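Here are my notes on the model, as numbered points. Please read them with the structure open.

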Amino acid sequence: MILACLIAASILGAEITYYLIHKRQWPTVRASSAPSLVFAVLIGFTNLPFVLGLQAAFFGATFVGMTDKSRLGWKRVLLASVVFALILYYLIPLVKGFGGGLGAAAFVSSAAIYTVDKIFRRAFL
């Protein structure tokens, strides 16, 4: 249940940010911060015990959504946001105390999807 909610929040954060940047031409920081603020306030009204995790998943996934569209299209951003949620759920608790976990997870997830895509295209196309 928690992992499914983290994945959903992650997909939502990445895709909204990607849409605002590439379809509505919002500045990158504003496209990340405005939806994160709205999501944090709205989800704060719920009684879910993992609200902070959802807020972190949404905000961190907006970093994935900041990807340039020449590197990742919206489908690959969706895949990268799922990978981001998995990294957030399984690996971030292991490195508690180190800063930059959300940004590092976003970078690793985006780079992994980009690399797999390049390898797949060279091998099969």
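1. Start with the charges. The side chains of R121 and D117 form a salt bridge, with N and O 3.1 Å apart. Both residues sit in helix 5, four residues apart, about one turn of the helix. R121 is partly exposed, as its relative accessible area is 36%. Keep in mind that this is a predicted model.

2. What else does D117 pair with? R76 forms a salt bridge with D117, and here the closest N and O atoms are 3.2 Å apart. R76 belongs to helix 4 and D117 to helix 5, so this pair ties together parts that are 41 residues apart in sequence. R76 has 22% relative accessibility and therefore counts as partly exposed. D117 has 15%, which falls under the 20% cut-off, so D117 counts as buried. Side chains of opposite charge can pair when their charged atoms come close.

3. How many salt bridges does the whole structure hold? The search finds two. R76, D117 and R121 are linked in a network of them.

4. Next, the core. The largest nonpolar core has 22 residues, and F39, L54, V64, V77 and F84 touch the most other members. Helix 1, helix 2 (28–44), helix 3 (51–65), helix 4 and helix 5 (101–124) each give two or more residues to this core. The largest share, six residues, comes from helix 3. In soluble globular proteins, nonpolar side chains tend to be buried together.

5. Which residues does L54 contact, beyond its neighbours within four places in sequence? They are C5, L6, A9, F39, I43 and L48. L54 itself is buried in helix 3.

6. At 1.5 Å a residue, its 15 residues should span 21 Å, and its end C-alpha atoms are 21 Å apart, so the two values agree. Buried in helix 3 are V51, L54, A57, F58, G60, A61, T62, V64 and G65. The cover over these buried residues includes helix 1, helix 2, helix 4 and helix 5.

7. Is S109 buried or exposed? S109 has 0% relative accessibility, so it counts as buried. S109 is placed in helix 5. Leaving out residues up to four places away in sequence, S109 touches V64, A80, V83, F84 and I87. V64 and F84 are also among the core residues that touch the most other members.

8. I16 lies in helix 1. Its relative accessible area is 29%, so I16 is partly exposed. Not counting residues up to four places away in sequence, I16 touches P35 and F58. I16 and M66 are 50 residues apart in sequence, and their C-alpha atoms are 10.0 Å apart in space.

9. Now the surface. I2, L86, Y89, Y90, L91, L94, V95 and F98 make a nonpolar patch of about 810 Å². Helix 4 (residues 74–90) gives the largest share of the patch, three residues. I2 is found in helix 1 (residues 2–22). I2 counts as partly exposed because its relative accessibility is 37%.

10. One backbone point. Q25 is not a glycine, yet it has a positive phi of about 55 degrees. Q25 lies in the loop between helix 1 and helix 2. With 58% relative accessibility, which is over the 50% cut-off, Q25 counts as exposed.

Conventions: Residues are numbered from 1 along each chain as its sequence is written. This is a predicted model: local features need pLDDT of at least 70, side-chain atom pairs count only at pLDDT 80 or more; totals for chains, interfaces and linings use all residues. Side-chain values use heavy atoms; hydrogens and water are left out. Patches are made of residues with over 30% relative accessible area and no salt bridge: like charges are joined within 9 Å, nonpolar side chains (Val, Leu, Ile, Met, Phe, Trp, Tyr) within 5 Å. Accessible areas come from the Shrake-Rupley method with a 1.4 Å probe; for residues, only the protein chains shown count as cover. A salt bridge is a side-chain nitrogen of Lys or Arg within 4 Å of a carboxyl oxygen of Asp or Glu. Buried means under 20% relative accessible area, exposed over 50%, partly exposed in between (1.4 Å probe, protein chains only). A nonpolar core is a set of buried Ala, Val, Leu, Ile, Met, Phe, Trp, Tyr and Cys residues joined through side-chain atoms within 4.5 Å. Contact means heavy atoms within 4.5 Å. The expected span of a helix is 1.5 Å times one less than its number of residues.
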